[in-house]
Amino acid sequence: MRTRLCELFGIDVPVFAFSYQREVVAAVSRAGGMGVLGALQFSPEQLEAELCWLDAHVDGKPYGVDVVMPTRYEGAERGGLSKEALEQLIPEGHRRYVEEVLARYEVPRLPPEVLSHESLLGWSESAGRSQVAVALQHPIRLIANALGTPPRDVVDEAHRRGVQVVALVGTAAHARKQAEAGVDVVVAVGTEAGGHTGEIGTMVLVPEVVDAVHPIPVLAAGGIGRGRQIAAALALGAEGVWTGSLWLGAEEAQLHPVLRDKLLAATSSDTVRSRSMSGKPARQLKTAWTEAWDGGESPGPLPMPLQFMLTADAVTRMHHHAGTPGSRANELLGTPVGQIVGSMREVRPVQAVLESLKAEFRASVLRVLETGGTGERQPDSARRGATGTRRGSE
């Protein structure tokens, strides 16, 4: 499973694990992969605290940080707007609709002692830049960016500090733009992925991106949560995998019990690409909340970051009241997750998940070598020839 990315980042296996949970990030890095902390939900002060914790708990192993510096968002043409200015752009009809849906599912307001989720977060270039500034003060090994091409000065500053820049893309055309911007690694994100994703499947997208940006290394993402899928990704030309949904089922993840049960019971058909979360298409668990926003009664989602600002308090209320008597918040509760959710059937420690990935990868490669792709075991001479040819080409 070792590729040049293992040498580049000093990791044992080219498995990159995105998570908002610092415990998951640290556990993956300690186990030989590359944990990547999603910074979006943290203020600069909170991110500083999270990274200090990681510095103390990764045992000197490498880790990274993922930020969002979108190219297109409300107010981008004016260099970004203040939170107050953005709040004024949210129509009252949309606010009423949110309250109507919550009332329909009997979700009360939050108690006074419970704080609502911060509504703006990092959905702008300026917010992303502030998170990058914090991250570069720590011994991170990579900065990843989604929803656009990172500004050239950010790329250059990361490189000056010895930090690799990773970019997530959904088309070969976007990958070429990232290569021109000087990124070091491109993540080809297939439509099966959780969170913001395009319309092209992983099997088609990965070789397109590999060819488009050669010799820049590519990570495959989207629907990857099994060792055999890692083997397939490498066969397509990727040099590792970017995973996220898989780790929602990790023992170290701090998920609401109701949400965890919903994920473990879900099938691969129980996700949907919806604009209900951020205003941009994002794959997430199909719930009464996504159906409400995608249905005929909906006033329609707002552009980024207005949609998240509109619904942040509602999402906090869902989490707080899920599982409580007298509320149907359970039916609304969801999370970004990919189609791999259909393979998530038990809660396991990160170490066990990674060991399972490696074992199935090895079994898959050996099966191909032994059968020659025919499904029937080949003679020893044929297997030796195939193995020898492979080693010779390396």
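Helix 7 gives the largest share of the lining of the largest cavity, with three residues. Helices here are DSSP runs of H or I with at least four residues, strands are runs of E with at least two, and both are numbered from the N terminus. This is a predicted model, in which local features need pLDDT of at least 70 and side-chain atom pairs count only at pLDDT 80 or more, while totals for chains, interfaces and linings use all residues. Residues are numbered from 1 along each chain as its sequence is written, and side-chain values use heavy atoms, with hydrogens and water left out.

Back to the cavity. The structure holds one cavity of 30 Å³ or more, and the volume of the largest cavity is about 40 Å³. A cavity is a set of points, on a 1 Å grid over the protein atoms alone, where a 1.4 Å probe fits but cannot get out, and lining residues have an atom within 4 Å of a point. Grid points are joined across faces, edges and corners, and the volume is the space filled by probe spheres set on the points. The lining is made up of Met-69, Ile-143, Asn-145, Pro-150, Val-154, Val-155, Ala-158 and Val-165. Strand 4 (142-146) and helix 7 (152-160) each put in at least two of the lining residues. By class, the lining has seven nonpolar residues, one polar and no charged; Ala, Val, Leu, Ile, Met, Phe, Trp, Tyr, Cys and Pro count as nonpolar, Asp, Glu, Lys and Arg as charged, and the others, Gly among them, as polar.

Next come the helix pairs. Two packed helices are described by the angle between their axes and the distance between the axes. Axes are lines fitted to C-alpha atoms, for helices over the stretch in contact, and angles run from 0 to 180 degrees between N-to-C directions. Helix 5 (residues 92-104) packs against helix 13 (residues 306-321) at about 10 degrees, with the axes 10 Å apart. That makes the two helices roughly parallel, a label for angles under 35 degrees, with over 145 called roughly antiparallel, 65 to 115 roughly perpendicular and the rest oblique. His-94, Arg-95, Val-98, Glu-99 and Leu-102 of helix 5 touch Leu-310, Thr-311, Ala-314, Arg-317 and Met-318 of helix 13, where contact means heavy atoms within 4.5 Å.

Helix 10 (residues 227-235) and helix 15 (residues 350-371) have axes that come within 6 Å and cross at roughly 60 degrees, so this pair is oblique. Their crossing is right-handed. Gly-227, Arg-228, Ile-230, Ala-231 and Leu-234 of helix 10 meet Leu-357, Glu-360, Phe-361, Ser-364 and Val-365 of helix 15. That contact has six nonpolar, two polar and two charged residues.

The peptide bond from His-214 to Pro-215 is cis, with omega near 10 degrees, and Pro-215 sits in the loop between helix 9 and strand 8 (218-221). Another cis peptide bond joins Met-304 and Pro-305, with omega about 0 degrees; Pro-305 is in the loop between helix 12 (288-294) and helix 13. Asp-59, although not a glycine, has a positive phi of about 55 degrees.

Terms used:
A crossing is left-handed if the near helix is turned anticlockwise from the far one by less than a right angle, and right-handed if clockwise. On a 1 Å grid over the protein atoms alone, a cavity is a set of points where a 1.4 Å probe fits but cannot get out, and a pocket is an open set with protein on both sides within 12 Å along at least five of seven lines; lining residues have an atom within 4 Å of a point.
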